[in-house]
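Subject: Handover of a structure and notes on it

Dear colleague,

I am handing over the structure shown below, together with an account of what was found in it. Please read the notes with the structure open beside them.

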Amino acid sequence: MSLLEEMNGKATALGIPLSSQLDITWRCNERCVHCYLDHDGKGEMSIAEIKDVIRQLAESGTFFLSISGGEPLLRRDCFEILEYARSLRFNVKLKTNAVMIGPKEAQRLRELGIEQIQISVYSHRAEIHDAITKLPGSLKRTLNAIRLLRAEGLKVSITHVMMQQNASDGMAVRQLAQDLGVAFVIDPTITPKLNGDRSIVTLGLIGSALKEVFQTEEFVGNVEEYCAPVSTVDEDVLNSSSCSAGHTLVYVSPFGDVYPCVQFPMPCGNLREQTFREIWRGSAALTELRSIQVRDLPTCSHCDHVSYCSRCPGLAYMEGDMRGPSSADCKKSEARTGIRSAGQRHKVGYC
Amino acid sequence: MQFTDKYVAKSSHIASRMLGDESIIMSSVDSTLFALNPTGTVIWEAADGTTPLSRILEEKVCAEFDVTFEQASIDAKEFIDKLAEHGILLVSDLPIPSKEVS
């Protein structure tokens, strides 16, 4: 067991939100075709409110803090927020499109000791990347920023969201990441909009395209191991919760709303009305979520994929039942192994 | 000068948090992650750059844990050397003003 796993186990036992994501704005200078947010900044928290939230997260035990958005650097006080978070000794990750990062910003991020800058790159081709972000020149600006960040010695990770528009570009973006000396992570899931609109989900990879991703060693490592079905299910799996959302992970919106995760829009409380501790300890929604073990999932507990499925309870929640299957993850499990999931069979009346 | 006459201070280039009675610390320089046991956590919390290590050991470690000053000194040296190697703790013959902790 790694030290990080030990920490997570201890945080789970103690009920500590070890990792938090704080979106400081939903405003953005890009308009990505697959984005799950609206970009209205009306009513977002003031700098004083945000600092108070950050202070409360520190008191509650958060160690890993992701500052995200929207585009966080659109807030003029973004660096003040980052500086405050670092003064409270958080391990801070910044999620940004980086188009507003020049030499001064890169230097400041290095001085603040930001752990990692996470940046989405959709393609190595400007015509594809810029068509997805709908911001002309965005790829060039993003790549320039990555070079500046690397020159400062900062750790950068490129997240490559895969969708139909860029389906053939993954390997080239991976090579680009290698050339830039940065980490590379794929994300083959398109999340529905937080307001429930599922129209953007159709942009995601399906069928053979998704299977091809999971058959590519450069994306998943050992393909044989990754795609091998595992039929044995032990008690540890059945007694576990399917993800850390609401257990050791929490999300706070720019308006003070608390959710288990950015991908899990189940209202748990608002920090303008209650303290974080009151919400984290007392929310009925969080209490219910924490009570759910894999064995309680009526469909998924009997699924062939249960021991390795990446089932997201937030995506399931957005489909109407947080105890139900998440169709995106059912498709991923099928693409990995060639075996239909219990959730898919259930939908077509096989059981 | 004895090792216990030195001063220790936390670097500002770290992330840290209490997790129960232990501490987790990550160096932002090399991303090394450390988990400190309760004894290490007491030293870490007291490492303010102005209190001599000898006083930290006497007043915090020996007072709270069943250990002699000699043994505490030996263990503390090993512990502090390791953290100093990763730039997590700063060690000095003189008090370390907070503005110099970087």
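Glu22(B) is partly exposed, at a relative accessible area of 28%; here buried means under 20% relative accessible area, exposed over 50% and partly exposed in between, with a 1.4 Å probe and protein chains only. The model is a predicted one, in which local features need pLDDT of at least 70 and side-chain atom pairs count only at pLDDT 80 or more, while totals for chains, interfaces and linings use all residues. Residues are numbered from 1 along each chain as its sequence is written, chains are lettered from A and ligands numbered from 1 in the order in which they are written, and side-chain values use heavy atoms, with hydrogens and water left out.

The contact between the chains

The side chain of Glu22(B) meets that of Lys10(A) in a salt bridge, at 3.3 Å from N to O. A salt bridge is a side-chain nitrogen of Lys or Arg within 4 Å of a carboxyl oxygen of Asp or Glu. This pair crosses between chains, from strand β3 (residues 22-27) of chain B to helix α1 of chain A. Helices (H or I, at least four residues) and strands (E, at least two) are DSSP runs, numbered from the N terminus. Lys10(A) counts as partly exposed, at 23% relative accessibility.

Lys10(A) also forms a salt bridge with Asp21(B), where the N to O distance is 3.6 Å. Across the interface of chain A and chain B, two salt bridges are found by the rule. The largest share of the side of chain A that touches chain B, six residues, comes from helix α1 (residues 3-14) of chain A. By class, that side of chain A has twelve nonpolar, four polar and six charged residues. In this classification Ala, Val, Leu, Ile, Met, Phe, Trp, Tyr, Cys and Pro are nonpolar, Asp, Glu, Lys and Arg are charged, and the others, Gly among them, are polar.

Chain A gives 22 residues to the contact and chain B gives 22 residues, contact meaning heavy atoms within 4.5 Å. About 1600 Å² is buried between chain A and chain B, with carbon and sulfur atoms giving 58% of that area. Buried area is the accessible area (1.4 Å probe) that two parts lose on being put together, summed over both. In chain A, the residues that lose the most area to chain B are Lys10(A), Phe63(A) and Arg89(A), together 37% of what that side buries.

Salt bridges within chain A

Over all chains, a search of the whole structure finds 22 salt bridges. One of the pairs joins the side chains of Lys51(A) and Glu80(A), at 2.8 Å from N to O. Lys51(A) lies in helix α2 (residues 47-60) of chain A and Glu80(A) in helix α3 of chain A, so the pair ties together parts that are 29 residues apart in sequence. Lys51(A) is partly exposed at 23% relative accessibility, and Glu80(A) is partly exposed at 38%.

The side chains of Glu235(A) and Arg295(A) also meet in a salt bridge, at 2.8 Å from N to O. That pair links distant parts of the chain, 60 residues apart: Glu235(A) is in helix α11 (residues 235-239) of chain A, and Arg295(A) is in the loop between α13 (284-291) and α14 (313-318) of chain A. Glu235(A) is partly exposed, with a relative accessible area of 48%. Arg295(A) is likewise partly exposed, at 36%.

Helix α4 of chain A

Ala106(A), Leu109(A) and Leu112(A) are buried in helix α4 (residues 103-112) of chain A. These residues cover an arc of only 130 degrees around the axis, which puts them on the same side of α4(A); the arc is that of the directions from the helix axis to the C-beta atoms. The exposed residues Pro103(A) and Lys104(A) are on the face of α4(A) turned away from its buried side. The cover over the buried residues of α4(A) includes α3 (78-87), β3 (91-95), β4 (116-120) and α6 (138-151) of chain A.

The surroundings of Thr337(A)

Thr337(A) lies in helix α15 (residues 327-337) of chain A and is buried, with a relative accessible area of 15%. Not counting residues up to four places away in sequence, Thr337(A) touches Cys227(A), Ala228(A), Pro229(A), His305(A) and Tyr308(A).

With kind regards
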